[in-house]
Amino acid sequence: MAIGIGDRIPNATLKTRTSDGPADLSTAEIFDGKKVVLFGVPGAFTPTCTMNHLPGFLTYNDEIRAKGVDTIAVVAVNDIHVMSAWEKSTDAGGKITFLSDGNGEFIKAIGLDIDLSVAGLGTRSKRFSMIVEDGVVTALNIEDSPGRAEMSSAESLLEQL
């Protein structure tokens, strides 16, 4: 069952890139005491994720933060090296926190996993966006198809802030 509005983000550990290399980051460190915009993508470097979904969070980064958002983060079921390369290739460093959920444990824990084996991708994240305030989901947008980035877009989410 997918996480819903009013639910607390479960405890999990994700990976992120730091100046010292890959590092663990707990969901408590990401969400506790903060207002966070989190969006999930089926995979780094995939066409919809790179050309349609992520760019909006760069374009509207200042407007989203002006609404009191402390952190904008993206999560994918990719290893930390792929997520780091995606961060560099999109020039999103310092604007978006890239979170690696290499084993898909976090995505499964929030019930937003999807089997994309038919496309050769295995278990991945559904495309979504959410607003999380002090660890509690206050808005949630889940796309019906991984090839769409409409209701989970930065523009749609900005209207919910």
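**View 1. The exposed and buried sides of helix α4 in the predicted model.** On the face of α4 turned away from its buried side lie the exposed residues H81, K88 and S89. Helix α4 comprises residues 80–90, and I80, M83, S84, W86, E87 and T90 are buried in this helix. Because these buried residues fall within an arc of 160° when seen down the axis of α4, they line one face of the helix.

**View 2. The surroundings and the ends of α4.** The buried residues of α4 pack against the strands β1 (13–18), β2 (21–26), β3 (35–41), β4 (71–76) and β5 (97–100), and also against α2. At the start of α4, the backbone nitrogen of H81 has a side-chain oxygen of D79 within 2.8 Å, while the residue that follows the helix is D91, with a positive phi near 55°.

**View 3. Helix α2 and its kink at H53.** Helix α2 runs through residues 47–59, and its 13 residues, at 1.5 Å a residue, should span 18 Å, which agrees with the 18 Å between its end C-alpha atoms. The buried residues of α2 are T48, C49, H53, L54, G56 and F57.

**View 4. The buried residue S152 and its contacts.** S152 is placed in the loop between β9 (136–142) and α6 (154–160), and this residue is buried, with a relative accessible area of 0%. When its neighbours within four places in sequence are left aside, S152 is in contact with H53 and F57, as well as with R127, F128, S129, N141 and E143; H53 and F57 are themselves buried residues of α2.

Note on methods
Residues numbered from 1 in each chain as written. Predicted model: local features only at pLDDT ≥ 70, side-chain atom pairs only at ≥ 80, totals over all residues. Heavy atoms only, no water. Helix = DSSP H or I, 4+ residues; strand = E, 2+ residues; numbered from the N terminus. Expected span 1.5 Å × (residues − 1). Bend = angle between axes of the 7 residues up to and from the residue. Buried < 20%, exposed > 50% of the residue type's maximum accessible area, 1.4 Å probe, protein only. Arc of directions from axis to C-beta. Contact = heavy atoms within 4.5 Å. Polar contact = N/O pair within 3.5 Å; in protein donor to acceptor, adjacent residues only side chain to side chain.
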